[in-house]
Amino acid sequence: MSIWELLLAFLVVLLMLVALLANVLVLMCFLYSADIRKQVPGLFILNLTFCNLLMAVSSMPLTLAGIIYKSQPAGDQVCHAVGFLETFLTTSSMLSMAALSIDRWIAVVFPLSYHSKMRYRDAALILSYTWLHSASFPIVAASLSWLGFHHLYASCTLCNKRPEDRTQFVIFTGVFHTLSFLLSLVVLCFTYLKVLKVARFHCKRIDVITMQTLVLLVDIHPSVRERCLEEQRRRRQRATKKISTFIGTFILCFAPYVITRLVELSSVVHINSHWGIISKCLAYSKAVSDPFVYSLLRHQYKKTWKDILNKILKRSSINSSALAGEPHSRNLPNLKKLPKAPKIHIPASGSD
């Protein structure tokens with residue numbers, strides 16, 4: 001193996017371990033907190049978490065083996081199954097992010113009617129459409145034998161090995177990425193830009209009230225005034241940073257892989273195998289970033305996993321203190337076996 005292949009193999013191992021740890025932590029928070037389970041977006045986050053976990057235990061290990069052995073790491077049936085699962089999970093992850101953006105859009109733009117427009121039944125219907133949409137493409141690919149080991153990406157994925165099917169495969173690949181990546185990106189941009197517009201409007205209203213208050217408070221200390229102005233700047237930047245993170249991570253992780261898949265269809269451009277694996281690793285990195293972007297960095301999830309950690313540490317400290325006190329208790333005499341002190345009867349005195 002060359003130094004490049006060693007680095008790529010190490011990168012896949014790192015992505016796999018971090019994805020497993022982070023998504024398991026999200027799943028633990030979901031199971032531990034009743035408040036998180038009550039929230040409607042929790043269904044989309046749960047679906048996204050399961051997609052990331054299955055990706056980390058199915059597609060990533062075979063890609064690692066493909067990088068090491070430079071050939072198909074398993075039998076045809078296993079590779080076809082993993083390719084089917086990889087196509088389904090990638091599409092489901094993209095559509096889950098789009099569903100989360102729709103949920104945020106309804107919550108921010110229509111706050112008074114949110115509970116009537118986004119109920120558990122509505123979320124379940126959206127999730128059912130997501131699964132149906134995601135399963136349709138790998139089913140078509142499996143029926144046309146377009147699943148297999150692709151040497152450019154060292155993974156089991158969409159792959160056409162028959163030259164006579166090239167035109168059909170080009171059309172299928174274009175439609176697939178249009179209705180998965182491009183559709184999700186359009187929904188993300190539309191909904192989050194609407195959310196940003198509302199957030200900026202509220203920030204302006206708060207800024208006007210803050211400035212009016214600072215003008216009226218003539219005797220306010222300069223440090224307090226400066227702190228209020230700094231909070232204004234942070235408030236304006238907070239929504240922009242969050243929305244930029246949602247859209248930016250989606251584009252950064254998926255766009256290189258999608259563009260590479262589309263460019264690959266042209267026989268004019270030659271794609272380096274190392275770049276193919278790097279683009280695949282960038283797509284895998286979405287399974288690492290999703291737990292932090294959508295869950296673990298939020299206040300509710302932070303509080304939940306801190307509670308879980310404190311509970312585990314408290315239980316271990318109680319067990320260790322009990323084990324530490326056990327030898328001392330063995331050295332103590334058994335009080336039940338000691339003879340009882342005789343009762344002394346004091347006769348009543350006549351003078352009393």
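# Chat on voids, the hairpin and annotated spans

User: How much space lies in the second largest cavity?
Analyst: About 30 Å³. Keep in mind that this is a predicted model.

User: Which residues line that second largest cavity?
Analyst: Its lining is made up of Asn 23, Val 26, Ile 45, Leu 48, Thr 49, Asn 52, Asp 290, Pro 291, Tyr 294 and Ser 295.

User: And which helices supply at least two residues each of that lining?
Analyst: Helix H1 (3-32), H3 and H10.

User: How do the residues of that lining divide into nonpolar, polar and charged?
Analyst: 5 are nonpolar, 4 polar and 1 charged.

User: How many cavities of 30 Å³ or more does a search of the whole structure find?
Analyst: It finds 2. The largest cavity has a volume of about 240 Å³.

User: Which residues are closest to the centre of the largest cavity?
Analyst: Met 55, Glu 86, Thr 90, Phe 254 and Ala 283. They belong to a lining of 25 residues.

User: Which elements give two or more residues to the lining of the largest cavity?
Analyst: H3, H4, E2, H7, H8, helix H9 (273-284) and H10. H4 gives the most, with 7 residues.

User: What about nonpolar, polar and charged residues in the lining of the largest cavity?
Analyst: There are 12 nonpolar, 8 polar and 5 charged residues.

User: Switching to open space. What volume does the largest pocket have?
Analyst: The largest pocket holds about 730 Å³ of space. It is lined by 24 residues. Arg 104, Lys 242, Phe 246, Val 293 and Arg 298 are the closest to its centre.

User: Which elements give two or more residues to the lining of the largest pocket?
Analyst: Helices H3 (41-69), H4 (76-109), H7 (166-216), H8 (222-264), H10 (286-296) and H11 (299-331).

User: How many nonpolar, polar and charged residues does the lining of the largest pocket have?
Analyst: 16 nonpolar, 5 polar and 3 charged.

User: What stands opposite His 150?
Analyst: Ser 155, in E2.

User: How many residues lie between the strands of that hairpin?
Analyst: There are 4. One of them, Ala 154, takes a positive phi near 55°. That is a positive value in a residue other than glycine.

User: Is Ala 154 buried or exposed?
Analyst: Ala 154 counts as buried because its relative accessible area is 3%, and the cut-off for buried is under 20%. It lies in the loop between E1 and E2.

User: Where does Lys 70 lie?
Analyst: In the loop between H3 and H4. Lys 70 has a phi near 60°, again a positive value in a residue other than glycine.

User: Last topic, the record. Which residues does the UniProt annotation "transmembrane region" cover?
Analyst: According to the unreviewed UniProt entry, they are 6-32, 44-69, 81-102, 123-149, 169-195 and 243-263.

User: How far apart are the end C-alpha atoms of residues 6-32?
Analyst: They lie 39 Å apart. That span is 100% helix and 0% strand.

User: And what about residues 44-69?
Analyst: Here the end C-alpha atoms are 37 Å apart. Residues 44-69 are 100% helix and 0% strand.

Notes
Residues are numbered from 1 along each chain as its sequence is written. This is a predicted model: local features need pLDDT of at least 70, side-chain atom pairs count only at pLDDT 80 or more; totals for chains, interfaces and linings use all residues. Side-chain values use heavy atoms; hydrogens and water are left out. Two strands pair if DSSP finds at least two bridges between them. On a 1 Å grid over the protein atoms alone, a cavity is a set of points where a 1.4 Å probe fits but cannot get out, and a pocket is an open set with protein on both sides within 12 Å along at least five of seven lines; lining residues have an atom within 4 Å of a point. Grid points are joined across faces, edges and corners, and a volume is the space filled by probe spheres set on the points. Ala, Val, Leu, Ile, Met, Phe, Trp, Tyr, Cys and Pro count as nonpolar, Asp, Glu, Lys and Arg as charged, and the others, Gly among them, as polar. UniProt positions are given in the numbering used here, feature names are shortened, and annotations may be inferred rather than shown by experiment. Buried means under 20% relative accessible area, exposed over 50%, partly exposed in between (1.4 Å probe, protein chains only).
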